[in-house]
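Here is a short report on one protein model. Look at the fold before reading on.

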Amino acid sequence: MIEQYSWGIDHINSRKANVIEFYKDWQTKDIRADLQEGRSEAIMIFENIDYNINIGCAIRSNNAFLGKAVYICGRRRYDKRSTAGTGHYENVYHADTTKEVIEHVRSLGYTVYAIDNIMEFSPINLMNVALPKRSAFVFGEEGPGLSRNTINLCDNMLYIGMYGSVRSLNVAVAAGIVQYEYTRQWRYN
């Protein structure tokens, strides 16, 4: 079952330290409503992410690039404080399985991309793909990455080209890069 996280926005109207000057005097519910109008169609899906800082940073990036929604899949809930307040303005959902989220977004017309660098799946460099407007991106836990079942549910695998000695990026950093590239393609062209 997919459920939206409740942020308790009725009692947080005094927390405005992490908003741009334009929103400083706005009520939280009004900021949320205003942001809804400008959201892109990008959806971020996270499978079994262990570290609160990764989830919080990914939600903050979603706010910065004004993505449509963030789905957190698996048994693990997270500490909402890790979003540094931006979670109050975002559409964040929890689901027990990644499969149900992928099926849900696909029913809405989304192309679903696994984000990983497993060569046996013939991933495509993110910078070489014209992303559809309705794109959903699935990220796995650092270390084990995405499950094989999840990869097989996705339409394709994308990777982020890197030039140093590290094998992979922190999941929150990878999500920010993917959100930036989506934004570059759809907001600035």
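## Overall fold

The protein chain has 5 helices and 8 strands. Both are DSSP runs numbered from the N terminus: helices are H or I with at least four residues, strands are E with at least two. From the N terminus on, the order is β-α-β-α-β-β-α-β-β-β-α-β-α.

This is a predicted model: local features need pLDDT of at least 70, side-chain atom pairs count only at pLDDT 80 or more, and totals for chains, interfaces and linings use all residues. Residues are numbered from 1 along each chain as its sequence is written, and side-chain values use heavy atoms, leaving out hydrogens and water.

## Strand pairing

Strand E8 (residues 156–159) pairs in the parallel sense with strand E5 (residues 111–115) over 3 bridges. Pairing requires that DSSP finds at least two bridges between two strands. Tyr-113 has Asn-156 in E8 as its bridge partner. E8 also runs parallel to strand E6 (residues 124–125), joined by 2 bridges. There, Asn-125 partners Tyr-159.

## Salt bridges

The structure holds 8 salt bridges. Each puts a side-chain nitrogen of Lys or Arg within 4 Å of a carboxyl oxygen of Asp or Glu. One links Glu-90 and Arg-39, with the closest N and O atoms 3.1 Å apart. Glu-90 lies in the loop between strands E3 and E4, and Arg-39 in the loop between helix H1 and strand E2, so the pair ties together parts 51 residues apart in sequence.

Glu-90 is buried at 0% relative accessibility. Buried means under 20% relative accessible area, exposed over 50%, partly exposed in between (1.4 Å probe, protein chains only). Arg-39 is buried at 11%.
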